[in-house]
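Me: Can you walk me through this one? I'd like to take it piece by piece.

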Amino acid sequence: MSQHPPTDFWSKDLVEGRDLSELTTLNLGPTHPATHGIFQNVLTLDGEIILHTEQTIGYIHRAFEKIAERRPFYQITTLTDRMNYCSSPINNMGWHMTVEKLLNIELPQRVQYMRVIVMELARIADHVICNTIIGQDAGATTPFLYVYQWREKIYEVYEEICGARLTTNMGRIGGWERNWSDLAWVKIKAIIKDLPAGLKEFDKMLLRNRIFMDRTIGCGPISGERALRYGFTGPNLRAAGVDYDVRVADPYSSYNEFAFDIPIGTNGDTYDRFTVRQEEMKQSISIIRQALEKLEKLGDKTTIRGDVPEWVLPPKEEVYSAMEPLIWHFKIVMGETDVPVGEVYHCVEGGNGELGFYLVSDGGRAPFRLHLRRPCYIYYQAYPEMIKGGMLSDAILTMSSMNVIAGELDA
Amino acid sequence: MPGFAVKAERDQQVKDRVSAAFGEKITAIEQERDLICIHVKKDTLHDLLRMLRDEHDFHFLTTCCGMHFPGEAQEFGLVYHLHNMRAGHRIRVKCRTTANDLEFQTATDLWPTANWMEREAWDFFGIKFKGHPNLKRILNMEDFPAFPLRKDYPLEDPTRQDKDDRFFGR
C-alpha cells in the first residue's frame with residue numbers, strides 16, 4: 001500500500017540522495033504482457049518498492065488531429081473509432097454530436113434514445129473488459145473467460161446495427177445510416193434480461209472475495225483532490241469520491257430524461273475503481289431498460305434521422321432514379337456541404353471519462369483544427385504518483401484498473 | 001444543469017470581474033456559442049488563469065491546446081478550457097502570440113495535469129513553456145525534425161511524388 005505523501009508526479013524526491021548502485025532500474029514495457037498495450041515505464045526500484053517512474057508514450061501515435069484537418073467531417077468518424085476501441089460507439093456518437101452542435105441540428109427523440117442505448121451498451125462492454133482484466137491481473141482468470149461473453153453479445157448487437165464489431169463507424173452526422181433490424185432489438189432485450197444475473201455471478205466471484213479484496217484495497221490510491229488536479233474524469237474520478245459525470249453535469253442526447261445513480265467510491269484505490277465500474281454497468285442496464293420503455297411509448301418505429309438531407313446519404317434506389325438525391329449523394333461523398341464558421345466544445349461521458357472534442361471550423365470542408373480531449377491521456381500522467389512507494393505487483397493492478405487504452409492515450 | 005438565465009448571469013459576473021482586474025490586458029471577451037471566451041495578452045495569461053482558478057472556482061483544467069494561424073501577425077495561440085464543476089460552468093481562454101515569441105508561462109504550478117498538455121503543445125506546435133519541469137516531445141520521437149500540427153507541415157510524406165495534398169481536402 002502506498003504511504004507516500006503526494007508530490008507532483010515528475011518529482012524525484014525518493015531517489016534523491018540515494019546511492020544509485022543500491023537501486024534497480026527495470027523496464028516495464030514497451031511490450032509487456034501485463035500492461036495490455038504498449039506503454040513503457042522505466043521504474044527505479046529499491047527491492048520491490050517503486051521509487052520513481054519515467055513514462056514514455058506515443059508508440060501507436062497516428063496523428064488523428066492532423067489527419068482530421070484534411071478530411072471531410074463524415075470521414076473523421078472512423079478516426080474516433082480507433083481512440084478508445086473498447087467503446088468506439090461512444091466516440092462515434094460524441095463526434096456526431098459535436099458536428100451537430102456546430103450545425104445546430106436538432107434530432108428526433110427516437111434517434112436520441114437509440115443513441116443512448118448503444119452508448120450504454122458500449123459502456124457495459126468497456127467496463128466488462130476493464131473489470132475482468134483487473135481480475136485477470138490479480139490472478140483470477142475465471143471472470144475473464146466467463147464474463148467476457150457479455151462483451152461478445154454486445155459486439156453481436158453492433159454487428160446487427162452497423163456490420164462491424166470493433167471499429168464500428170456507427171451512426172451518421174444527423175442520425176443513423178439505417179434502421180435497426182428486428183434481430184438487433186431482440187439481442188438488446190436478451191442482454192438486459194440476462195446480464196443482471198451474469199453480473200451477479202461476477203460480483204460473487206470477486207466483490208467479496210477475500211483474496212481479491214486484500215489484493216486491491218489500498219492499491220494505487222489517489223485522493224479526490226489530487227485526482228481533480230490531475231484532470232481525472234469518469235470512473236477513476238468517481239472512485240476517488242467526486243460525483244462528476246458528464247451525463248448529469250452537461251446532459252446530451254436526452255440523458256436528462258433518465259433516472260440513474262452515479263456510484264462513487266471513497267479511497268480512489270483499485271478496489272473502488274472496480275466497484276464503481278461494477279455498479280455503473282448495473283445503472284447502464286437500467287438506462288437501457290428505460291430507453292426501451294420510452295421508445296415503446298413513442299410508438300415511432302421508423303424515424304432514424306433528423307431533417308438534414310445535406311448530411312445523411314439518401315437511399316440508394318433514389319440516388320439512381322431521382323435528381324435531387326443524386327446531388328445530395330454527390331455532395332456528401334465529396335464532402336462539399338457548407339458548414340458555418342465557429343468553434344464548439346462538446347463532451348460525452350466515454351468509458352474512461354470526459355471525452356471532449358474541440359472543433360474549430362473556418363467554413364471549409366474539413367475542420368480548421370480538431371483537438372481531442374482523451375481522458376486516458378490526461379489521467380495516465382498521474383500513474384507515477386499513484387504507484388510511488390508501492391510494490392511492483394501493485395503497479396500492474398493499478399494500471400489495469402485505470403483502464404489505460406493505448407489507442408486513446410496516443411491518438 | 002443551470003438554466004440559461006443563471007448561466008448568463010455567471011458569465012456576466014466573470015466578465016465584469018476579469019475586465020475590472022486586468023483592464024486593457026484583456027483584448028476581448030466574446031460569446032462563442034455556449035461558452036464565453038476571454039482573449040488575454042500573453043504576459044497576463046498566467047495571472048488570469050490563477051485568478052479564475054482561485055477566485056472563480058474554475059478548479060478543473062479540461063484542455064489546453066496549441067493553435068496555428070499561418071499568415072496572421074499573431075501566428076500562434078493557446079486555448080484553455082476551464083471548468084467549474086460545482087457550478088457546472090465552463091469557460092474558454094485564448095492567448096495569441098507571434099512566431100518570434102513562443103514562450104508562455106507554464107500552468108503546471110496551477111494544475112499538474114497541464115504537464116502533458118503543454119508537452120503536447122511543444123511537440124506539435126513548438127510552443128515553449130517557461131518553468132515547465134520536463135519540456136520534451138511526448139507523442140513524436142525525440143529527434144523528429146518538425147512541429148507537425150503547424151499548418152505548413154504537409155500531411156503526406158513530402159518525399160513522395162505520387163501524392164499531392166491538393167487532392168486530399170483543402
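**Sheet, helices and contact**

Reply: Start with a strand pair. Ile26(B) stands opposite Val40(B), which belongs to β2(B). This is a predicted model.

Me: How do β1(B) and β2(B) pair, and over how many bridges?

Reply: They pair in the antiparallel sense, over 6 bridges.

Me: What about the hairpin of β1(B) and β2(B), which residue takes a positive phi there?

Reply: Arg33(B) does, with phi near 55 degrees. The hairpin has 2 residues between the strands.

Me: Now the sheet. What is the strand order?

Reply: The order is β1-β2-β5-β4-β3 in chain B. It is an open sheet of 5 strands, and the pairing is mixed.

Me: Which strands stand at the edges?

Reply: β1 (26-32) and β3 of chain B. Each has a single partner strand, so one side of each is left without a neighbour in the sheet.

Me: By how many degrees are neighbouring strands turned against each other?

Reply: By 20 degrees on average, direction ignored.

Me: Back to β2(B). Does it run parallel or antiparallel to β5(B)?

Reply: Parallel. 4 bridges join β2 (residues 35-40) to β5 (residues 89-97), both in chain B.

Me: Which strands does helix α2 of chain B lie across?

Reply: β2, β4 and β5 of chain B. The helix covers residues 45-55 and runs at about 175 degrees to β5(B).

Me: And α3(B), which strands does that one touch?

Reply: α3(B) packs on the sheet and touches β3 and β4 of chain B. Its direction makes about 10 degrees with that of β3(B).

Me: How many residues of α3(B) are buried?

Reply: 12 of the 12, so the helix is largely enclosed by the rest of the structure. Among the buried residues are Trp116(B), Glu118(B), Arg119(B) and Trp122(B).

Me: What covers them?

Reply: The cover includes β3, β4 and β7 (128-130) of chain B. It also includes α15 (375-379) of chain A.

Me: How far does α3(B) reach from its first C-alpha to its last?

Reply: It reaches 16 Å, close to the 16 Å expected at 1.5 Å a residue. Gly126(B) follows the helix, with a positive phi near 75 degrees.

Me: Give me one residue of chain A. What does Trp10(A) touch?

Reply: Asn115(B), Pro133(B) and Asn134(B), not counting residues up to four places away in sequence. Trp10(A) sits in the segment before β1 (24-28) of chain A. It is partly exposed, with 18 other C-beta atoms within 10 Å.

Me: Last topic, chain A overall. How many helices and strands?

Reply: Chain A has 18 helices and 6 strands. Its radius of gyration is 22 Å, close to the 22 Å that the globule rule gives for 411 residues, so chain A is as compact as a globular protein of that length. The C-alpha trace spans about 80 × 45 × 35 Å along its principal axes.

Me: What share of chain A is buried?

Reply: Buried residues make up 52% of the 411. Among contacts in chain A between residues at least 6 apart in sequence, 71% join residues at least 24 apart.

Conventions. Residues are numbered from 1 along each chain as its sequence is written. Chains are lettered from A and ligands numbered from 1 in the order in which they are written. This is a predicted model: local features need pLDDT of at least 70, side-chain atom pairs count only at pLDDT 80 or more; totals for chains, interfaces and linings use all residues. The radius of gyration is taken over C-alpha atoms; the globule rule is 2.2 Å times the number of residues to the power 0.38. A residue is buried if 20 or more other C-beta atoms lie within 10 Å of its own, exposed if 12 or fewer, and partly exposed in between; C-beta atoms are placed from the backbone. Two residues are in contact if their C-beta atoms, placed from the backbone, lie within 7 Å. The expected span of a helix is 1.5 Å times one less than its number of residues. Two strands pair if DSSP finds at least two bridges between them. Axes are lines fitted to C-alpha atoms, for helices over the stretch in contact, and angles run from 0 to 180 degrees between N-to-C directions.
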